Amino acid sequence: MPPRPEFEDLYREFLPRIYGYALAQLRDAAEAEDVTAQVFVNAFRAYDRFEPTAATPAAWLFRIARNVILDLHRRAGVRDRVEQEVGRSLGAGPDPSEVAEDRILFAELLVAVRRLPDRQREVVALRHRSDLTFLEIGDLMDCSEDAAKMLYHRALKALRGELRPDG
Amino acid sequence: MADDPELERKLEAMFSSARPRHGFSDELWRRIEARRPWHQRFGRRFQPALRYAPALALLLVVGLGVTWLAGNFHGAGSTASPTSAGAPAFGDSKAAAPAFGVLPSLAPGAARSVTSPQFPLTSGAAGAGLTFGGTLPSLPSELPVYRYDEPGAADLVAAAATLQGKAGLALTVMPSDPATGVEPQFSTAAGSAPDRTQGAAATANGFLSNHNLAPRFAFQLTVAPSGLRVVYGRLFDGPAGPIRQVRPDGSAAGLTVDLVDSVTSTASARGPLDLPFTSASYPLRTAAAALTAAKLGQASGTAGLNRAELVYVLVVSGGHGYYEPELLLTGPGGAVLAPVVAEQWLGG
């Protein structure tokens, strides 16, 4: 049976990943930090019950993160948030204050990711932050491996259209 | 399916570059560490020394046992240390006194009048003209002040999610309210309550038990005259027995169950969140000095105030909640809260 890693090791490794996952799905960095904090508080409380044979640490943590974000969206009213978010992001362009100067290159890409439909946005964030396979991503999102791959493919297509509007 | 390697590389680079603000990681880790029992906080840095922990623990238990035996054979008048049965059911670490520095005062100035249906106040300024004619208690030389850190928004969200999952009821959580001296609270929607034929107390106990909301602190249970409200008034340990927590308005503080519907047997609950406390000992003034500080005179015979009770009251200030000892003085003339923490450690 694989040993359970030290919680601090898990924390140090996965904090930026969970943060990046949250950042892609929420309004701003402050909200992403709040959610990241909640994820690790919840994980810390549940860590004694974590079984390394039942799930990898990545799958376990990202399931917690997913649930925290889903709860947040349910409370906030997902439809209203998306409408507000789309309305804000259709403005002049990315908010430079949200990213460091040397990362402003990616600001447009982040905005484009945030504008994706919920499940496409989520699969992109999981694909690039969690190191989970499409099989594991599908398990997390309650869909098949093929469905998860299809979601990702459609997300990339939508992003291409967003970033190169002339085709 | 032909994907876009270039776009995927950009996505990878974008996500890899996403980092929270400088210092966030260490700040959050400190918050998480603070939730650990104190004996787990040393972690790997002290692992070699922890080999000796079982032997040290045995020595500590033996030492405590000897101390307890010695204390209990000193005869009448010895002050027992707080018992675990009455201790706050929260993780706490006793800091050197007075570790919290100057404490915030319940209300700057002298006497703090208590206004509640239980304690109708006579006209006039708080304490003015009132005398105390009862027996003043002998106060200990010091008492602990308990403190919690005000939870942030994310903590409140997490607490709500956890409680809701346990209780199976919709509920809300609220931060501290400095104006009313109330700590962070949960409040549930109405849920089913057991058959009320067993009485209000049994019904309330059953409701809390069914929804995993039973208080983890020591309490004194009281039933309102209406029979529709049951209060689990929080108790703190004291050298001469448990000490009640009261609100600044004099009412008992703790968890409340309202039996809201006598026909359908539903109930709701409101109570404090289970926050970790730290504590620090503070020297106390005498009860007589507390009366003087509250601008109250002492007189035998008929007096406006004739009963004195040592209580704890919550003072919320500066991102913390402080449970501070006070004297609750009551009588036909009304009620007053008088400060007992030594003057030099109480903010004016």
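Let's start at A:F40. Leaving out residues up to four places away in sequence, A:F40 touches A:F7, A:L10, A:Y11, A:F14, A:L15, A:I18, A:L61, B:L28 and B:I32. Contact here means heavy atoms within 4.5 Å.

Some ground rules. This is a predicted model, where local features need pLDDT of at least 70 and side-chain atom pairs count only at pLDDT 80 or more, while totals for chains, interfaces and linings use all residues. Residues are numbered from 1 along each chain as its sequence is written, chains are lettered from A in the order in which they are written, and side-chain values use heavy atoms, without hydrogens and water.

Now the cores. The largest nonpolar core has 64 residues. A:F7, A:F40, A:W60, B:L11 and B:I32 have the most contacts inside it. A separate, second core has 60 residues, including B:V145 and B:Y323. A nonpolar core is a set of buried Ala, Val, Leu, Ile, Met, Phe, Trp, Tyr and Cys residues joined through side-chain atoms within 4.5 Å. Buried is under 20% relative accessible area, with a 1.4 Å probe and protein chains only.

Next, the interface. Chain A brings 42 residues to the contact, and chain B brings 35. The buried area is about 3,600 Å², and carbon and sulfur atoms give 65% of that. That area is the accessible area (1.4 Å probe) that two parts lose on being put together, summed over both.

What about charge? The rule finds three salt bridges across the interface of chain A and chain B. B:D26 forms a salt bridge with A:R12, their closest N and O atoms 3.3 Å apart. The rule asks for a side-chain nitrogen of Lys or Arg within 4 Å of a carboxyl oxygen of Asp or Glu.

Definitions and conventions:
Buried means under 20% relative accessible area, exposed over 50%, partly exposed in between (1.4 Å probe, protein chains only).
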